[in-house]
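Let's take a walk through a protein together, one stop at a time. Have the sequence and the 3D view open as you read.

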Amino acid sequence: MGANPSNGGVPILAVVDVADYRDRFPILAETTYLINHSLAAMPAAAEDRILEYTRTWRTRGIRAWGEGWWDLPLTVGDQVGRIVGAPPGTVCMHQNVTIAVAVILSCFRPPPPRNRIVYLEGEFPSVRYLLQAQPEVEIEVVPDLDALLDAIDERTLLVPVSHVLFKTAELQDVAVVQRRAEEAGAHVVLDAYQSAGAVPLDVGRLGVAFAVGGSVKWLCGGPGAGWLYVRPDLIGRLEPALVGWQGHARPFAFEPELEYAEGIARFLTGTPNVPALYAATAGYDVIEEVGVETIRQRSLELTDLLIGLADEAGFEVTSQRDQARRGASVTIRVPGFEGVHKELAGREILCDFRPDVGLRLGPHFFNTGDELEYAIDQIADILASGAHERHLGAAARF
Ligand SMILES: Cc1ncc(COP(=O)(O)O)c(C=O)c1O
């Protein structure tokens, strides 16, 4: 194990030369940025991309649509596809995961008995709300993976499952879920929001029917760039009811009747979110350049270190210790964690907290061991001095 100079005295294997990347994420110069599971640090290049967008709009005007804007949901989708193991032409972009899942749901008008959707209680609320609002489906919520596998049967239509659970950062064995779903004739909807860009993922090899995610977190792509993958054999067979003119075979013929586009474009709706798609590619470029395997190796080292530091400080670690079940964040429950979070923010250490699990710390590959040591030291200092007590009762936001 070699010491990385940018980590000071904390030995971290130099799988990536972090010093090469720190300047490319300007917020790192001012803050200890450990909230990459929520809104990852912005790559400086995103600002250039937004300027490129406005320059194109200013100088090319309407011609910009034909010069790339119209196709952005597919060209950008192909770049996401490279990161998550999806072949070209199988990923398209939407505003967010909720819309992407709504498009999936709209492909099915399920008569009983195959009208059940089963999912873990740890699924992200936005997706849960959408599923609960569907009048024609029956929902079953289960506490853990074993119960999920038991619940999947010939009545199951969809199995939405998060690759990494948002609250606890627990990595799920998606292959096992996919096998069970396949036996039962159900479709897995993989939510890879908390893994894409941090944990290696190959949706093609997994064989899941659908995968969705966004770009706000580990992909460093900012808001407004959700993605939807559909398995190649399903693309031509499905007809989403939530469709718009981008999903038409000949959108510029403005025909009165719907005829679905041939490929993944049939899963699109209306006018794309152009500025968000410009900005997002800056993050994807960095993730592709470093490589998700390398990021994962670095992430495991950083989270190992974080867990070790928390243990030394006597803090309760509520997330997975086992590397095989660990996502990219660590949760730590300390007394009055809401107030500790607020006090940390005042000290330019950014993280968040979730009820039940405590503080969430999400280092990305560009964070250093020194930053983790500093964050844990500051938590200890806050607790020892009682500085957090004036903030107690703060609500969880972001
Ligand atoms: C696992 C997971 N799914 C979905 C979302 C968000 O969904 P949406 O893109 O609809 O806001 C998040 C977090 O923001 C998440 O952690």
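The model is predicted, so local features need pLDDT of at least 70 and side-chain atom pairs count only at pLDDT 80 or more, while totals for chains, interfaces and linings use all residues. Residues are numbered from 1 along each chain as its sequence is written, and side-chain values use heavy atoms, with hydrogens and water left out.

Our opening stop is the ligand.

Some neighbours make polar contacts, meaning pairs of N or O atoms within 3.5 Å. A polar side-chain atom of Thr-98 is 2.4 Å from a ligand oxygen. For Val-97, a polar backbone atom lies 2.8 Å from an oxygen of the ligand, and for Gln-194, an N or O atom of the side chain lies 3.2 Å from a ligand oxygen. On its own the ligand exposes 400 Å², and the protein buries 85% of that (areas by the Shrake-Rupley method with a 1.4 Å probe).

Now move to a sheet. Its strands (DSSP runs of E, at least two residues, numbered from the N terminus) pair if DSSP finds at least two bridges between them. Four of them form an open, antiparallel sheet in the order β9-β10-β13-β12. Because β9 (316-317) and β12 (352-354) stand at the edges with a single partner strand each, one side of each has no neighbour in the sheet.

What pairs with β13 over three bridges in the antiparallel sense? Strand β10 (residues 330-333) does, β13 being residues 358-361. Here Ile-332 has Leu-359 as its bridge partner, and Val-330 has Leu-361. β12 also pairs with β13 in the antiparallel sense over three bridges, and Phe-353 has Leu-359 as its bridge partner. β12 and β13 form a hairpin with three residues between them, and Asp-356 in the turn has a positive phi of about 80°.

Finally, look at two backbone details. Most residues other than glycine have a negative phi, and most peptide bonds are trans. Yet a cis peptide bond joins Pro-112 and Pro-113, with omega about 5°; Pro-113 is in the loop between α5 (97-105) and β3 (116-120). Cys-220, which is not glycine, has a positive phi near 60°, and Cys-220 lies in the loop between β7 (210-213) and β8 (226-230).

Notes:
Polar contact = N/O pair within 3.5 Å; in protein donor to acceptor, adjacent residues only side chain to side chain. Helix = DSSP H or I, 4+ residues; strand = E, 2+ residues; numbered from the N terminus.
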